[in-house]
Amino acid sequence: MHRTPDADQPAPVMCVRAVRLQRRGLCAYLLVVALTLAGTAHCPAERVVTNFDADQVDFSFDRKQVALRGNAHLFSQAAADASRFVRIDADVIEGDIPRGRFEMLGNVRIETPQGAMRGESAMYSTRSAEFSLRRGGIMIPITGEDEPVVCGFAYAQEVAREGDVVYITKGRFTTCSDPNPHYELQADRFRWKPETNQVVAYGGSIRLYGLQIPVFPKIPYTFGAQARSGPDLLPFPTYSSRDGLRAGWSFNVGNPLDDPNTQVQVRWRQLRPLQVSSWTTFRTGSDTRTHLRLGLREDVKQDIDRIVAVDTFPELGIEGRWDLGGDYLLEADLSGGHYRQRAEEGLADVREDRARIRARLTGNPDGLYEPGQAWWWIDASEQLYGNGGHYSALGVGLGGAAELTDWLGLNAEVRQWATAGATPFVWDDVDVKTEIESNVQVKVGDLWRVRFGARHDLEDGQLRSWDAELRRRAHCLTWKLNYSDISDDLVIGAEISGLFGNDEPADNACPADGPPDYWATHGPAHEAPAEPDSAPRDTQ
């Protein structure tokens, strides 16, 4: 075992950009051998220890070049924080210490507490934080700190970081840890922005159980926590007595890594006209964003046991989320627009301007409803209408969840509302003033789940609505069949653990030894064909 020259001397940590990336997963290995560098004047210093070993270790005469050959291993750790470490294994590791440039060749594996990578070869620059990885596999956690850990896996002919964007060329993405995943999104290229944890796929297809399903070419999709909602990559048909058969699709217009960005949703319905809506957002601060919303025949179901068709022409608003510390989260929005309540199912045709301000304080900022947890919220809103009227609503809620047995779970939430004024819109009205909503979940073996939900009007002593759901987990996919008595709504679909849906993660969702050796399993025959005229790489 060897120690680098001056390894027990103060060494620099990454500058601002790389420190940010340390918290983001894939690029957390930016500490790498940078911790062994002699200091740069503008970076604060801290003491680290770096050890390495190999069958053959060579230094240049001036001790600026190092070469590790044969079973090369390097381990670097911050002395003040043992959780900050990088472990690199390769057949060969060569480095220029003053320039901060290192190359790894053959069976490369890089591990940090936040993620892991493997590939045939890799290059890393400690000065620019840029890197490239050939025929590589990447594993990164994609769920929040308090959520069950689910990892994403990306495999590509080339992975490279330029500026603040990671490019994945001829790649595949999945949350399945198996080298033969149940599903994968294949694309000509991906762009991943670690600062916002957004991933965009350009072109390609979905491969599901060996079946290739094309998606729109050259239209990006956004994944991760920053996305408003997951894209309908697989438009599963659904049915209701109101709509008949229906199928929906959502996609981004332009580049969702840019600001502003727009998502368009389209739904075809057998018995009713096409439903179209768009949502454009522009971030105005770290906690706030503005939005522009357009909608045609949108189905709105907010606090009532019926569905109302609404047109929005348009709505402009600003919204924000503020973590107040502890278990307090404040959400607020201010919006205004022109709306039309369509004359369907006996409702009056109403066209009116409306301005709305709303605030919600909750003691469950993570939005988790797990056994043994209790939560509460306070919600207040004021609507002003073009006819001079107004409508006010103040509500409180208290809920909790419990696991009664290993196979039986229960959660319930009690709500109380007080209102004043009058609204011309049915969908604005708080229809049920005192209610309890409950869900019972039954586990049938390791893979099947059955859930029953009901909503009771405590003031009138009536059952207002109910629904039932059957779920079957298949590794990283969860197939579901859901029925709601509102409009006889029957839905068949699938959730992807960690991306779209909140099901329990599959076994071995994040392997301890990093991503599987995908390319050894699939080989050159499974590589995506090269494009004859590939577009230039974006520099944004």
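This note goes through strand pairing, salt bridges and surface patches in a predicted model.

1. Basis. The model is predicted, so local features need pLDDT of at least 70 and side-chain atom pairs count only at pLDDT 80 or more, while totals for chains, interfaces and linings use all residues. Residues are numbered from 1 along each chain as its sequence is written, and side-chain values use heavy atoms, with hydrogens and water left out.

2. Strand β28 (residues 434-444) pairs with strand β29 (residues 448-457) in the antiparallel sense over 10 bridges. Strands here are DSSP runs of E with at least two residues, numbered from the N terminus, and two strands pair if DSSP finds at least two bridges between them. Three residues lie between β28 and β29, and Gly-445 in this turn has a positive phi of about 75°. Val-444 has Trp-448 in β29 as its bridge partner.

3. Hairpin of β29 and β30. Strand β29 also pairs with strand β30 (residues 462-474), in the antiparallel sense and over 10 bridges. Here four residues separate the strands, and Gly-461 takes a positive phi near 65°. Gly-453 has Asp-467 in β30 as its bridge partner.

4. Salt bridges. The structure holds 37 salt bridges, each a side-chain nitrogen of Lys or Arg within 4 Å of a carboxyl oxygen of Asp or Glu. One network of salt bridges links Arg-242, Asp-243, Arg-246, Arg-269, Arg-272, Asp-299, Glu-344, Glu-345 and Asp-489.

5. Arg-354 and Asp-428. The closest N and O atoms of this salt bridge are 2.7 Å apart. The pair links distant parts of the chain, with Arg-354 in strand β24 (residues 350-362) and Asp-428 in the loop between β27 (408-421) and β28, 74 residues apart. Arg-354 is buried at 7% relative accessible area, and Asp-428 is buried at 10%. Buried means under 20% relative accessible area, exposed over 50%, and partly exposed in between (1.4 Å probe, protein chains only).

6. Arg-464 and Asp-431. Their side chains meet in a salt bridge of 2.6 Å, N to O. Arg-464 is buried, with a relative accessible area of 17%, whereas Asp-431 is partly exposed at 31%.

7. Lys-443 and Glu-403. In this salt bridge the closest N and O atoms are 3.9 Å apart. Lys-443 belongs to strand β28 and Glu-403 to strand β26 (residues 390-403), so parts that are 40 residues apart in sequence are tied together. Lys-443 is partly exposed at 29% relative accessibility, and Glu-403 is partly exposed at 45%.

8. Nonpolar patch. Val-444, found in strand β28, is partly exposed with a relative accessible area of 43%. Val-444 and Trp-448 are among the residues of a nonpolar surface patch with about 950 Å² of accessible area together. Patches take residues with over 30% relative accessible area and no salt bridge, joining like charges within 9 Å and nonpolar side chains (Val, Leu, Ile, Met, Phe, Trp, Tyr) within 5 Å. Accessible areas come from the Shrake-Rupley method with a 1.4 Å probe, and for residues only the protein chains shown count as cover.

9. Negative patch. Asp-287, Asp-323, Asp-327 and Asp-366 gather in a surface patch of negative charge. Asp and Glu count as negative and Lys and Arg as positive, with His and the chain ends not counted. Asp-323 lies in strand β22 (residues 308-325) and is exposed, at 60% relative accessible area.

Terms used
Charge placed at Lys NZ, Arg CZ, Asp CG, Glu CD.
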